[in-house]
Amino acid sequence: MNRKKNLLWLQSGGCGGCSMSLLNSEQPGLTVFFEAAGIELLWHPSLSESCNDDLITLLHNIIDDKISLDILCLEGAVIHGPKGTGAFHHLSNTQQPMRDWLKKLSQKAKNIIAVGSCAAFGGITAGGGNPTEASGLQFSGEQAGALLSADYKNAQGLPVINIAGCPTHPGWITDTLFALARNELSMSDLDTFNRPRFYSDQLVHHGCPRNEYYEYKASAEKPSDLGCMMEHLGCRGTQAHADCNTRLWNGSGSCLRGGYACINCTAPQFEEPGYTFTLTPKVAGIPTGLPTDMPKAWFVALSALAKAATPQRLKNNAVEDHVRTPPEIDARKKP
């Protein structure tokens, strides 16, 4: 019988939101998933009953090769400040920077996962001038090379796997863990930023419930309007790499379905877009952030044609908070 894979989950500079998202794992639930995947959870800050002393003993046993570490998950950014000392975040009761613990543990881990955009790229923790000198495990923003070098790879040839998102979808985490537990994840399954392609090869735009408004450029003008939020309200769903609108949260939710514009949280440096999240930056009235793979001239031409052809129903409903003008019933089918 194969030995279970040991998993250690640590938190550093972040809000804990990815753990909260993970706890929403369903079909199956998290404990059933771990059992089915053959994963032994050594420690998790929200799930384990063990006290701090037990954790420190566990970490020493891993570093001393008394316990094998198959998967190391970090949630939250690596804190290097102030002035590169790492002293802003000591692991409790150790007087040692968490950064130094992570460095030692990464040398023992067979696989390393950065859970969330903070652990992957620095994320929100690195925003606002980055006073804590935060970085991801292997990336600092778009730049490869952070706590771990740009060329770091494990024995199987895998870099740090960046499950980016703010927060991550629980399915992105469990699918990645399941593949690792079965030794079925390879470099070809990761994209340029080492995100699992099973979700990053999709766009948030795919499955967006506002796609009919997008097609005709029937745009929302204020929050709560039903129209497409790309033109005026800062939505980047046509550029954001994730399957949020086809793999829903809790079976029914996504940012766009909740009425919020996509802020592209799976991308490096999403936290510093250079403009207000909820306003679309434009030049001469044309959005600067065009859909992926869409040449500017084509967008302008297609947008003009689409607006000219917009059904009155969509024009009306785009600037309302609920449907005012329902679709007409086909006259040929009227009684």
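Modeller: On a 1 Å grid over the protein atoms alone, a cavity is a set of points where a 1.4 Å probe fits but cannot get out, and a pocket is an open set with protein on both sides within 12 Å along at least five of seven lines; lining residues have an atom within 4 Å of a point. Grid points are joined across faces, edges and corners, and a volume is the space filled by probe spheres set on the points. By this rule there are two cavities of 30 Å³ or more. This is a predicted model, in which local features need pLDDT of at least 70 and side-chain atom pairs count only at pLDDT 80 or more, while totals for chains, interfaces and linings use all residues. Residues are numbered from 1 along each chain as its sequence is written, and side-chain values use heavy atoms, with hydrogens and water left out.

Colleague: What volume does the largest cavity have?

Modeller: The largest cavity has a volume of about 100 Å³. Its lining includes His205, Cys208, Arg210 and Tyr214. By class, the lining of the largest cavity has seven nonpolar, four polar and one charged residue. Here Ala, Val, Leu, Ile, Met, Phe, Trp, Tyr, Cys and Pro count as nonpolar, Asp, Glu, Lys and Arg as charged, and the others, Gly among them, as polar.

Colleague: And which residues line the second largest cavity?

Modeller: That lining is made of Gly234, Arg236, Cys262, Ile263, Phe270, Pro273, Tyr275 and Phe277. The second largest cavity holds about 50 Å³ of space.

Colleague: Which helix gives the most to the lining of the second largest pocket?

Modeller: Helix α6 (residues 170–181) does, with five residues. Helices (H or I, at least four residues) and strands (E, at least two) are DSSP runs, numbered from the N terminus. The second largest pocket has a volume of about 230 Å³, and its lining has six nonpolar, eight polar and three charged residues.

Colleague: Let us change topic. Which residues of helix α2 are buried?

Modeller: In α2 (residues 30–37), the buried residues are Leu30, Phe33, Phe34 and Ala37. They lie on the same side of α2, because they cover an arc of only 100° around the axis; the arc is that of the directions from the helix axis to the C-beta atoms. Buried means under 20% relative accessible area, exposed over 50%, and partly exposed in between (1.4 Å probe, protein chains only). An α-helix has 3.6 residues a turn, so residues three or four places apart point the same way.

Colleague: What do the buried residues of α2 pack against?

Modeller: They pack against β1 (5–11), α1 (17–22), β2 (39–43) and α6, where contact means heavy atoms within 4.5 Å. The face turned away from the buried side of α2 carries the exposed residues Thr31, Glu35 and Ala36.

Colleague: One last point: is asparagine 154 buried or exposed?

Modeller: Asparagine 154 counts as buried, because its relative accessibility is 11%. Asparagine 154 lies in the loop between β10 (143–144) and β11 (161–163).
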